[in-house]
Amino acid sequence: MTSLVERSFIVLSGKGGVGRTTVAAAIARAAADAGKRVLIAQASAAERLGRLFGRFGPIGTDVIALAPGVDAVNMTPQSALHQYGLKVLHSELVYRALFENRAVRGFLGAIPGLDAYAMLGKAWWHTTELFEGRPRYDLVILDGPASGHATLMLRIPGALLTAMPKGPLSGDARAIRALLSDAAQTALVIVTLPEDLPARETVELAAAARGPLAIPLGPVIVNAVPSDALSGAEADAVLRAVGPAPGNAPLDATLRLAASLRSHRRVADEVLERLRRDPGGPLIELPRLPSADLGPAEVAALAARLAAAPD
């Protein structure tokens, strides 16, 4: 984990619903606690990140402060294209003349992946952003889209260079591609659950990262791992001794709950073992928290678990 937060760019992806935003918040908190200045750049995300830091207003397309050392921005394709266009053209008037022209908008809308590339380009730009002569952020975390869309997003710089090795976009595409392939600066962190379908997508995304994407893999973070408190020999002995409890509704309900927890943990252990084999590499397990309404206290607890993970 120490080496992870020493990088300048982390891309988070994984199957939808695995808790990528929660993990992004926990990584950001861990990095800020280590003295880093962090930006979480979301890609058209539903409003959830603010509540994780105790903020109940929406996070928009302008950068805002979430907590000491942690800023955030929720990028949309339109805002990202606007800001990226201004960066390339250096003029609001020229941008409007080009990008707000109906014919140009129709042409741009027909380019596959342009929206995703604009958001990737904006996140990359924040890694180069300066404030008072020094980098504004030590770490930019791209809270990226789900696996399939992330694969498309990360392919685009290479595809642009292949199609247009020279041109107004090639310089930035080359810089983005260089950042994405630099293991000292970048890591793709796959977030998953200890369940079969998310684990399968993890394997597929890791294979793409090692193959055509050529992006360094960080640890796989397995979120919401059920407790193993009832999986030991002592629990086995107690549950065997108690046996079924017909006629005792509270005890029967407790035993059924214990059986369910033990079953979930057995499935989780099987999935964790498969992930250790493929994609291999380090796994970081985060516990299932006893609340669906997560806030700063839960993020701090997860950040502490991340900080304690082996380097």
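Between which helix and which strand does the loop that holds Pro279 lie? Pro279 belongs to the loop that runs between helix H12 (249-277) and strand E10 (283-287), where helices (DSSP runs of H or I, at least four residues) and strands (DSSP runs of E, at least two) are numbered from the N terminus. The model is a predicted one, in which local features need pLDDT of at least 70 and side-chain atom pairs count only at pLDDT 80 or more, while totals for chains, interfaces and linings use all residues. Residues are numbered from 1 along each chain as its sequence is written, and side-chain values use heavy atoms, with hydrogens and water left out.

**View 1. The whole chain, before the close-ups.** The chain contains 13 helices and ten strands. Of its 311 residues, 46% are buried, a word that stands for under 20% relative accessible area, whereas exposed stands for over 50% and partly exposed for the range in between (1.4 Å probe, protein chains only). If one takes the contacts (heavy atoms within 4.5 Å) between residues at least 6 apart in sequence, 72% of them join residues at least 24 apart.

View 2. In the loop between H12 and E10, Asp278 and Pro279 are joined by a cis peptide bond, with omega at about 20 degrees. Glu132, in the loop between strand E5 (130-131) and strand E6 (134-135), is a residue other than glycine, yet its phi is positive, near 55 degrees. Glu132 counts as exposed because its relative accessibility is 73%. Ala214 is not a glycine either, and it has a positive phi of about 50 degrees; its loop lies between helix H10 (196-213) and strand E9 (220-225). With a relative accessible area of 40%, Ala214 is partly exposed.

**View 3. Helix H2, a mostly covered helix.** Helix H2 takes in residues 20-33, and its end C-alpha atoms are 20 Å apart, which agrees with the 20 Å that its 14 residues should span at 1.5 Å a residue; the expected span is 1.5 Å times one less than the number of residues. Twelve of the 14 residues of H2 are buried, among them Arg20, Val23, Ile27 and Ala31. Just after the helix, Gly35 takes a positive phi of about 95 degrees.

View 4. Eight strands form an open sheet with mixed pairing, in the order E3-E4-E2-E7-E1-E8-E9-E10, where two strands pair if DSSP finds at least two bridges between them. Strand E3 (64-67) and E10 stand at the edges with a single partner strand each, so one side of each has no neighbour in the sheet. From one strand to the next, the twist averages 25 degrees. Strand E2 (residues 38-43) and strand E7 (residues 139-143) run parallel and are joined by five bridges, and Leu39 stands opposite Val140 in E7. Helix H10 packs on the sheet, where it touches strand E1 (9-13), strand E8 (186-192) and E9, and its direction makes about 165 degrees with that of E8; axes are lines fitted to C-alpha atoms, for helices over the stretch in contact, and angles run from 0 to 180 degrees between N-to-C directions. Helix H13 (residues 296-307) also packs on the sheet, touching E9 and E10, and its direction makes about 155 degrees with that of E10.

**View 5. Two nonpolar cores.** A nonpolar core is a set of buried Ala, Val, Leu, Ile, Met, Phe, Trp, Tyr and Cys residues joined through side-chain atoms within 4.5 Å. The largest such core has 43 residues, and those with the most contacts inside it include Phe9, Met75, Leu120 and Ile215. Helix H7 (residues 114-128) provides the largest share of this core, seven residues. Apart from this core lies another, of 38 residues, including Ile10, Ile40, Ala224 and Ile284. If neighbours within four places in sequence are left aside, Ile215 is in contact with Leu154, Arg177, Leu180, Thr186, Leu188 and Ala209.

View 6. Helix H11 (residues 233-242) and H12 pack at an angle of about 145 degrees, and their axes are 12 Å apart. Ala235, Asp236, Leu239 and Val242 of H11 make the contact with Leu251, Leu255, Ala258 and Arg262 of H12. Because its relative accessibility is 19%, Arg262 counts as buried. Not counting residues up to four places away in sequence, Arg262 touches Leu230, Ser231, Ala235, Asp236 and Leu239.
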